[in-house]
Amino acid sequence: MVRIAQAVTAQAAYPFATLAVKKRAMEQRGHTVIDLSIGDASLPAPDAAVAALRERSLLAAHHHYSSYNGILPLRRAIADWMDRRFGVALDPEREVTALMGSKEGLFRLPQAALDPGDAAIYPDPGYPVYPLAIRHAGGRPIAMELSKRNGFLPDLGALSEDTGRSVRMIIVNFPSNPTGAIAAPAFYEELYRMAARYDWIVVSDNAYCEIYDDAPPRAALEFDPKHERTVEFFSFSKTYSMTGWRLGWACGNAELVQALVKVKGLQDSAPFEPVQFAGIAALALSDAELVPTRRFYGSNRALMKKALDAAGIPYFDARAGFYLWARVPAGLSAVEFTDRLLEERRVLVTPGTAFGPNGEGWFRIAATRSPDQMQQAAERLEQGLSR
Ligand SMILES: Cc1ncc(COP(=O)(O)O)c(C=O)c1O
């Protein structure tokens with residue numbers, strides 16, 4: 001019999017893989033499930049990206065290994081976009097790298113930046129990759145509680161002097177998955193005051209920066225003008241509905257970005273070049289061309305807020321991102337509630353505990369399906385559970 005590494009055997013499956021199994025079991029019993037669990041866009045990718053992919057894939061010159069950090073024209077387009085959107089000036093040679101999706105880079109960055117035993121703060125509830133990545137790198141994950149009390153922002157002032165000093169890295173994510181919270185400039189200012197005092201590396205996951213109702217979210221790099229300690233991650237997945245294309249980028253401090261490229265080079269290559277050209281085409285879209293995407297998520301969120309109000313379920317009033325973070329009715333755990341919602345109403349949402357222990361008592365709705373499906377899901381949610 002083959003032996004699997006103990007670390008892998010001991011590791012729980014990625015939460016969304018577990019949910020997919022539950023959904024399949026339901027479908028095998030002949031039920032149609034509305035899946036509001038995973039943050040996968042139901043919109044098509046931009047025509048310009050598809051056209052660039054088609055054209056470039058016909059050229060044999062693009063069928064080979066690409067440079068590990070991606071092609072220079074893409075890194076230049078990224079630097080231009082960062083300047084346009086945030087006023088952040090980056091050197092495309094050293095301060096930018098393409099990624100096969102931002103998840104890849106987020107998982108590898110701790111390997112590039114942490115030594116065994118180094119402490120790293122991550123948000124809980126938060127994207128589940130963070131603590132897994134820190135642990136995989138031999139680091140020591142320290143959960144930073146996000147709670148309703150703090151408007152789902154980390155309470156940096158609550159960290160003890162000892163913890164502050166022992167920490168090497170902090171990961172932040174705004175607009176947040178799963179809560180949808182956005183950080184105001186005052187939060188970033190405090191973050192960088194503390195980061196400078198304790199010499200932290202700041203990792204900012206900005207995958208949802210273009211999905212907002214009114215106030216455009218900020219970039220952490222705006223608050224670290226010399227790029228002394230920041231690596232910031234961006235994704236084509238959410239803004240351009242290109243989840244399956246696997247394209248993202250990391251940018252910021254040159255030493256950290258180059259260390260990430262080094263780790264990455266040991267483990268994979270760059271994305272398929274035609275996909276990188278498609279990324280250039282996507283980044284060339286004007287802000288006005290992103291408005292329909294923003295409206296799509298905004299109106300889906302609004303629809304679900306109405307349904308939650310009607311069902312008497314409290315939630316965080318998210319005005320950005322893909323998600324709504326809502327309260328599990330009293331007397332049920334997050335998993336019990338989401339299992340019953342699937343069983344009784346055929347709506348799959350994510351139990352808050354998929355995002356860390358502080359997610360207990362909450363569930364996450366991804367407002368990503370077509371308006372028709374969202375409407376059906378809203379009606380089913382309003383019915384609530386049977387007694
Ligand atoms: C907060 C956050 N960061 C990063 C990612 C990864 O996105 P990708 O690897 O598709 O760029 C996701 C995906 O759901 C996410 O929610």
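**Close-ups of a predicted model**

**View 1. Asn-300 and its contacts.** Setting aside neighbours within four places in sequence, Asn-300 touches Ala-367, Thr-368, Arg-369, Pro-371 and Met-374, where contact means heavy atoms within 4.5 Å. Asn-300 sits in helix 12, residues 291-311; helices (H or I, at least four residues) and strands (E, at least two) are DSSP runs, numbered from the N terminus. Asn-300 is buried, at a relative accessible area of 2%; buried means under 20% relative accessible area, with a 1.4 Å probe and protein chains only.

This is a predicted model, so to speak of local features takes a pLDDT of at least 70, side-chain atom pairs count only at pLDDT 80 or more, and totals for chains, interfaces and linings use all residues. Residues are numbered from 1 along each chain as its sequence is written, and side-chain values use heavy atoms, leaving out hydrogens and water.

**View 2. Two cis peptide bonds.** Phe-174 and Pro-175 are joined by a cis peptide bond, with omega about -10 degrees. Pro-178 is in the loop between strand 5 and helix 8 too, and the bond from Asn-177 to Pro-178 is cis, with omega near 20 degrees. Most peptide bonds are trans.

**View 3. Phe-152, with a positive phi.** Phe-152 isn't a glycine, yet its phi is near 60 degrees. Look for Phe-152 in the loop between strand 4 (140-145) and helix 7 (161-166). Phe-152 is buried, with a relative accessible area of 2%.

**View 4. His-227, with a positive phi.** His-227 has a phi of about 55 degrees, though it's no glycine. The loop between strand 6 (201-205) and strand 7 (230-235) holds His-227, which is buried at a relative accessible area of 7%.

Note on methods: Buried means under 20% relative accessible area, exposed over 50%, partly exposed in between (1.4 Å probe, protein chains only).
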